Amino acid sequence: MAATSKKAAASRAGSAGRSRGGAAKAAPAVADFTKEQEFDAYRHMLLIRRFEEKAGQLYGMGLIGGFCHLYIGQEAVVVGMRMASSEGDQMITGYRDHGHMLAMDMDAKGVMAELTGRRGGYSKGKGGSMHMFSKEKNFYGGHGIVGAQVSLGTGLGFANKYRENGAVAMTYFGDGAANQGQVYESFNMAELWKLPVIYVIENNKYGMGTSIERASATTDLSHRGASFGIPGEQVDGMDVRAVMAASEKALEHCRAGKGPYILEMITYRYRGHSMSDPAKYRSKEEVQKMRTEHDPIEQVRARLLEKGWATEDELKAIDKEVREIVAEAAEFAQTDPEPDASELYTDILL
Ligand SMILES: Cc1ncc(C[n+]2csc(CCOP(=O)(O)OP(=O)(O)O)c2C)c(N)n1
Ligand SMILES: [Mg+2]
């Protein structure tokens, strides 16, 4: 992915955003996608969707131990961010991390095998769903402690500035995590030292079973950097074009040495918090409405068909290709051996 950013920046419609400190609202900007970009977005979002569906099945079959948090519904966030970013930019997130890894072009086999605790997994089968990393692909985890990745992502930004490498640390966290204290300590340092960090708040409206209205004194999270002077904006996180346009703008801000930027992605997860959550705190109608009216993949699909850029058969063929990648990953995740017992003593700090 990536490398399509310049074109989209040039064709971006309007100029979204707020003045410093998140004061003023502006019209949302939507990147005007080329045919190539629509296909790119479609493929990547579909890969995440199918991967997650398969992970859900494997979990149901008892093949995945521990926690497993699915990203279904939120695909446009990570794909849009990634489409605007460049080689070298880093990503770090919490435990809902499979989509982020696939967006960073990590191998589906390695991710799935980590879920099933196999040797060929990204953490040699010792980390599981929430603890995977790939320095090579600039993915820094995979963190189970809510909000912990925000300080770490700020550290990545510090390293980027110190090394003058031009990279930006895309640091993701949820609406629930947005109430953690260390988030604000990090904001302060990031703005004080003008660190190149984009704080991507994935507001999927719930932190476990608690809605944002019940948990947060203020619910417009794009304003959360106001007291530090960090600009922020709300983005339609179900529309990959809006995400990409916002990402372009935030990346430009960071690369110009102006410090951090907050993007609050308004999104939604279709499944429960984790595989063990039946999601009784919200109505079926609420979920169904998001699925039918705002699904990120359906939006791209509809545009491709409407513009005559793809036929139903071509889209089916992409689905088939994607399903094959996922099936191969699932096969590997079930046949690759478990780590040797001696691995209990490696990769640990003594
Ligand atoms: C420090 C800490 N407190 C509590 C938990 C338990 N916990 C796990 S996920 C979660 C909710 C976080 O919600 P949000 O940030 O909105 O992310 P989402 O799951 O919606 O992606 C909580 C409270 C934890 N893992 N770490
Ligand atoms: Mg949430």
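Strand β3 (residues 197-203) pairs with β7 in the parallel sense, over 6 bridges. Two strands count as paired if DSSP finds at least two bridges between them. Strands (E, at least two residues) and helices (H or I, at least four) are DSSP runs, numbered from the N terminus. This is a predicted model: local features need pLDDT of at least 70, side-chain atom pairs count only at pLDDT 80 or more, and totals for chains, interfaces and linings use all residues. Residues are numbered from 1 along each chain as its sequence is written, while chains are lettered from A and ligands numbered from 1 in the order in which they are written.

**Strand β7 and its partners**
- E202 stands opposite M265 in β7.
- Strand β6 (residues 232-236) also runs parallel to β7, joined by 5 bridges.
- V235 stands opposite M265 in β7.
- β6, helix α9 (residues 240-255) and β7 form a right-handed β-α-β unit. Right-handed means that, with the strands pointing away from the viewer, the path from the first strand over the helix to the second runs clockwise.
- Strand β7 (residues 261-266) is largely enclosed by the rest of the structure, because 6 of its 6 residues are buried. A residue is buried if 20 or more other C-beta atoms lie within 10 Å of its own, exposed if 12 or fewer, and partly exposed in between; C-beta atoms are placed from the backbone.
- Y261, L263 and M265 point one way from β7, and I262, E264 and I266 the other way.
- In a regular strand, side chains alternate between the two faces of the sheet.

**Helix α12**
- Helix α12 (residues 312-335) has 24 residues and should span 34 Å at 1.5 Å a residue. The expected span is 1.5 Å times one less than the number of residues.
- The end C-alpha atoms of α12 are 34 Å apart, which agrees.
- V322, V326, A329, A330 and A333 are the buried residues of α12.

**Backbone exceptions**
- Most residues other than glycine have a negative phi, and most peptide bonds are trans.
- The peptide bond from G141 to G142 is cis, with omega near 25 degrees. G142 is in the loop between α5 and α6 (148-163).
- D105 is not a glycine, yet its phi is positive, near 65 degrees. D105 is in the loop between α4 (98-103) and α5.
- D105 counts as partly exposed because it has 15 C-beta neighbours inside 10 Å.
- K124, also not a glycine, has a positive phi of about 55 degrees.
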